[in-house]
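Dear colleague,

Please find below the sequence and structure that I am handing over to you. My notes on the findings follow directly after.

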Amino acid sequence: MTVTVERTNSRALRWIIVAGSFLALAAFAAFSAFAAPRTQKPDASASREAFLQVYKVFRSPRCQNCHPAGDSPLQGDDSHVHLQNVKRGKDGLGVYGMRCNTCHPTSNLSGEHMPPGNPKWFLPSPEHKMIIVGRSPAELCRQLKDPKQTGGRSLQQLLEHVSSDDLVGWAWDPGAGRTPPPLSRAETVAQMKNWIAGGAACPQ
């Protein structure tokens with residue numbers, strides 16, 4: 001009788017151990033599935049909305065005046081063609097006798113509508129004009145994603161251009177008599193990051 005009871009207890013103990021092991025494995029699997037980071041698909045809709053905010057900044061006079069379709073820069077809040085028949089030149093720094101730094105100093109001159117300044121004042125080169133004027137949101141978005149039109153810049157490099165380049169930063173400190181972009185620089189960078197994080201989706 002004692003031997004039978006011991007055998008029964010031994011079998012029961014083995015079943016308890018096996019069942020406990022299965023439960024432990026199931027609990028571990030459930031915890032791992034819950035704790036594992038979930039890969040979320042880029043939110044294309046949010047990405048497009050973010051780009052539309054960035055587009056408002058790019059289409060402001062402070063940005064588009066230096067990114068014309070032709071070879072003459074624009075000026076003023078109304079984006080009229082630059083006076084004095086200024087031209088882009090082969091390097092974006094103007095033509096002989098009319099170089100950008102002839103009138104544009106290294107910093108803004110005091111007074112309304114005085115020549116603005118920055119040590120790097122220039123237009124994009126003729127090979128990579130990076131045209132903004134006349135571009136629809138979809139057209140500008142596709143242009144920014146095309147390395148052939150951006151001089152080989154990646155989206156991350158374009159983000160750094162907007163966030164760190166001191167010439168780009170001039171747009172938010174343009175001098176008296178000029179309207180800055182509709183978003184702050186920090187807001188613009190944040191929206192650009194959202195656009196890229198969402199897959200750099202383009203508006204329809």
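Predicted model: local features only at pLDDT ≥ 70, side-chain atom pairs only at ≥ 80, totals over all residues.

Residues are numbered from 1 along each chain as its sequence is written, and side-chain values use heavy atoms, with hydrogens and water left out.

Salt bridges

The side chain of Asp77 meets that of Arg62 in a salt bridge, with 2.7 Å from N to O; the term stands for a side-chain nitrogen of Lys or Arg within 4 Å of a carboxyl oxygen of Asp or Glu. Helices (H or I, at least four residues) and strands (E, at least two) are DSSP runs, numbered from the N terminus. Arg62 itself counts as buried, at 6% relative accessibility.

A search of the whole structure finds 6 salt bridges. Another of them joins Asp71 to Arg88, whose closest N and O atoms are 2.8 Å apart. Because Asp71 is in the loop between α3 and β1 and Arg88 in the loop between β2 and β3 (94-95), the pair ties together parts that are 17 residues apart in sequence. Asp71 is partly exposed, with a relative accessible area of 37%, whereas Arg88 counts as buried at 1%. Lys129 joins these two residues in a network of salt bridges.

Asp165 and Lys120 also meet through their side chains in a salt bridge (3.2 Å, N to O). This pair links distant parts of the chain, 45 residues apart: Asp165 is in the loop between α6 (155-164) and α7 (166-169), and Lys120 is in the loop between β4 (98-99) and α4 (137-144). Asp165 is buried, with a relative accessible area of 19%, while Lys120 is partly exposed, with 35%.

The surroundings of Asn118

Asn118 has its place in the loop between β4 and α4 and is buried, with a relative accessible area of 9%. A polar atom of the Asn118 side chain lies 2.8 Å from the backbone nitrogen of Lys120. Leaving aside residues up to four places away in sequence, Asn118 touches Pro105, Thr106, Ser107, Asp166 and Leu167, a contact being heavy atoms within 4.5 Å.

Aromatic pairs

The search of the whole structure finds 2 aromatic pairs. One is formed by Phe51 and Trp195 and is tilted, at 5.0 Å centre to centre with 50° between the planes. Rings of Phe, Tyr and Trp (its six-membered ring) pair if their centres lie within 6.5 Å; planes under 30 degrees apart count as stacked, over 60 as edge-to-face and the rest as tilted. Phe51 in helix α2 (residues 44-58) and Trp195 in helix α8 (residues 185-197) are 144 residues apart, and their pair links distant parts of the chain. Phe51 is buried, with a relative accessible area of 0%, and Trp195 is buried, with a relative accessible area of 0%.

Trp121 and Trp170 form an edge-to-face pair, 4.9 Å centre to centre with 90° between the planes. Trp121 lies in the loop between β4 and α4 and Trp170 in the loop between α7 and α8, so the pair ties together parts that are 49 residues apart in sequence. Trp121 is buried, with a relative accessible area of 14%, and Trp170 counts as buried at 10%.

Overall architecture

The secondary structure comes to 8 helices and 4 strands, and the elements run α-α-α-β-β-β-β-α-α-α-α-α from the N terminus on. Of the 204 residues in the protein, buried residues make up 31%. Among contacts between residues at least 6 apart in sequence, 59% join residues at least 24 apart.

With kind regards

Conventions: Buried < 20%, exposed > 50% of the residue type's maximum accessible area, 1.4 Å probe, protein only. Polar contact = N/O pair within 3.5 Å; in protein donor to acceptor, adjacent residues only side chain to side chain.
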